[in-house]
Amino acid sequence: MSGAPPGGSAAGAAPFILGLDIGGTKLAAGVAGEDGRVLSREVIPARTEEGPEAMIARLVELGRRVLAASGVSPAAIAATGISCGGPLDIRDGIVREPTNLPGWIDIPLVSRLTDDFADVLERKPVYLENDANAAAMAEHRYGAGRGVRNLVYLTISTGIGGGVIVSDRVVEGESGNAAEIGHMSLCHDGWACPCGSRGCLEAFASGTNIARRARERLAGGQPSSLSALSPEAVTAREVAAAARAGDPLACAVWDETVAVLGAGVGSIINLFNPRLVILGGGVTAVGDQLIEPVRRIALERAFSSMAAEADVVIAELGTDIGIVGAVAAAQARLAEQA
Ligand SMILES: [Zn+2]
């Protein structure tokens with residue numbers, strides 16, 4: 001795009017997107033241009049206990065504030081993108097019943113937001129996207145996956161989500177919920193998962209479950225530096241720090257975690273033959289302590305021909321990923337309909 005000031009002379013091209021991110025802990029909004037640069041952003045607590053009506057009202061106010069703060073003329077906004085946890089129906093614009101958003105049952109979010117922004121955005125298109133698929137699209141367009149045609153994005157935080165890009169397009173599935181990689185069952189009779197299955201990657205290796213496994217070992221009486229903490233203070237970050245310091249309990253939990261993640265990523269390489277597997281989410285903040293063993297194990301486990309073409313890297317977009325994901329998803333849908 002040109003170096004034109006936001007809004008103003010670029011209005012004819014309408015290259016800007018309002019991005020909205022709905023999560024279980026926070027709501028975020030931002031405005032970005034074709035280069036993915038976020039011009040204005042704001043994040044507020046989600047307060048899911050208030051239910052969908054109050055949350056949507058606050059999201060709309062948030063969207064209006066970031067629009068005003070961006071300096072972009074509403075006429076230059078081409079579309080609104082929404083990144084939200086699944087399950088949802090991206091074609092009908094309906095949020096079905098995400099586990100992290102209690103009370104959000106069959107909410108027609110796209111038509112709601114089209115109405116609620118009608119006075120400023122003149123009923124321009126609103127697009128809904130599964131949050132992990134949106135994040136994969138963001139890393140593909142603007143992050144670690146720039147120029148890569150085939151990649152898999154995995155977010156490892158409270159849960160584990162995924163998105164798959166094949167030949168530069170996100171794999172959606174029938175309703176936009178494809179690539180629930182966290183619920184790939186690695187052990188048919190393994191640990192129970194809230195999704196109803198057993199042995200899921202998420203139920204073992206998400207941040208929440210890394211901490212849970214450490215707490216279970218502590219409760220079993222194994223000695224550890226972590227026993228100085230209250231059970232609630234034992235987080236994946238604390239486990240990683242204790243493992244770096246050589247604590248045997250923490251090392252055992254961490255070694256199991258990277259072994260299972262490595263096996264999972266190896267399977268992903270065999271399934272999709274990607275150039276890159278990009279790991280994002282809060283747990284990846286530890287950097288090499290996670291990525292190095294996961295890469296080594298994954299590449300050892302995958303078919304050698306596919307391993308030779310693949311790499312495992314850390315995501316680039318950081319805390320803006322939700323907003324940039326919503327923006328990238330809207331850009332992709334606009335391009336699809338052009
Ligand atoms: Zn599961």
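1. Let's start away from the metal, with a backbone detail. This is a predicted model, and Asn273 is placed in the loop between helix H8 (248-272) and strand S11 (276-280). Although Asn273 is not a glycine, Asn273 has a positive phi of about 50°. Asn273 is partly exposed, because its relative accessibility of 36% falls between the limits of 20% and 50%.

2. Arg47 has a positive phi too, of about 45°, and Arg47 is not a glycine either. You will find Arg47 in the loop between strand S3 (38-45) and helix H1 (51-70). With a relative accessible area of 37%, Arg47 is partly exposed. Why point out such angles? Most residues other than glycine have a negative phi.

3. Now look at a peptide bond. The one from Gly86 to Pro87 is cis, with omega near 0°. As background, most peptide bonds are trans. Pro87 belongs to the loop between strand S4 (77-84) and strand S5 (88-89).

4. Which residues coordinate the zinc ion? They are His183, through ND1, and Cys193, Cys195 and Cys200, each through SG, at 2.1 to 2.4 Å. Along the sequence, the donor residues follow the spacing H-x9-C-x1-C-x4-C. His183 and Cys195 both lie in the loop between strand S10 (169-170) and helix H5 (201-205), so this pair ties together parts that are twelve residues apart in sequence.

5. His183 has 26% relative accessibility and counts as partly exposed. Cys195, with a relative accessible area of 45%, is partly exposed as well.

6. Next come the rings. The count of aromatic pairs comes to one. The ring centres of Trp191 and Phe204 are 4.7 Å apart and the planes are at 40°, so the pair is tilted. Trp191 sits in the loop between S10 and H5, while Phe204 is in helix H5, so the pair ties together parts 13 residues apart in sequence.

7. The charged end of Arg213 sits over the ring of Phe204, 3.8 Å from the ring's centre.

8. Turn now to the second largest pocket, which has a volume of about 300 Å³. Its lining includes Met137, His140, Asp168, Val170, Ala332 and Glu336. Helix H4 (131-142), S10 and helix H11 (321-337) are the elements that give two or more residues to this lining. Which element gives the most? H11 does, with four residues.

9. Met137 is found in helix H4 and is buried, at 9% relative accessibility. Met137 and Ala332 are 195 residues apart in sequence, yet their C-alpha atoms are 8.3 Å apart in space.

10. Gly220 is exposed, with a relative accessible area of 65%. Gly220 and Thr48 are 172 residues apart in sequence, and their C-alpha atoms are 34 Å apart in space.

Notes
Residues are numbered from 1 along each chain as its sequence is written. This is a predicted model: local features need pLDDT of at least 70, side-chain atom pairs count only at pLDDT 80 or more; totals for chains, interfaces and linings use all residues. Side-chain values use heavy atoms; hydrogens and water are left out. Donors are N, O and S atoms within 2.8 Å of the metal (3.2 Å for Na, K and Ca); water is not among the atoms, so sites may look incomplete. Buried means under 20% relative accessible area, exposed over 50%, partly exposed in between (1.4 Å probe, protein chains only). Rings of Phe, Tyr and Trp (its six-membered ring) pair if their centres lie within 6.5 Å; planes under 30 degrees apart count as stacked, over 60 as edge-to-face and the rest as tilted. A charge sits over a ring if NZ of Lys or CZ of Arg is within 6 Å of the ring centre and within 35 degrees of the ring normal. On a 1 Å grid over the protein atoms alone, a cavity is a set of points where a 1.4 Å probe fits but cannot get out, and a pocket is an open set with protein on both sides within 12 Å along at least five of seven lines; lining residues have an atom within 4 Å of a point. Grid points are joined across faces, edges and corners, and a volume is the space filled by probe spheres set on the points.
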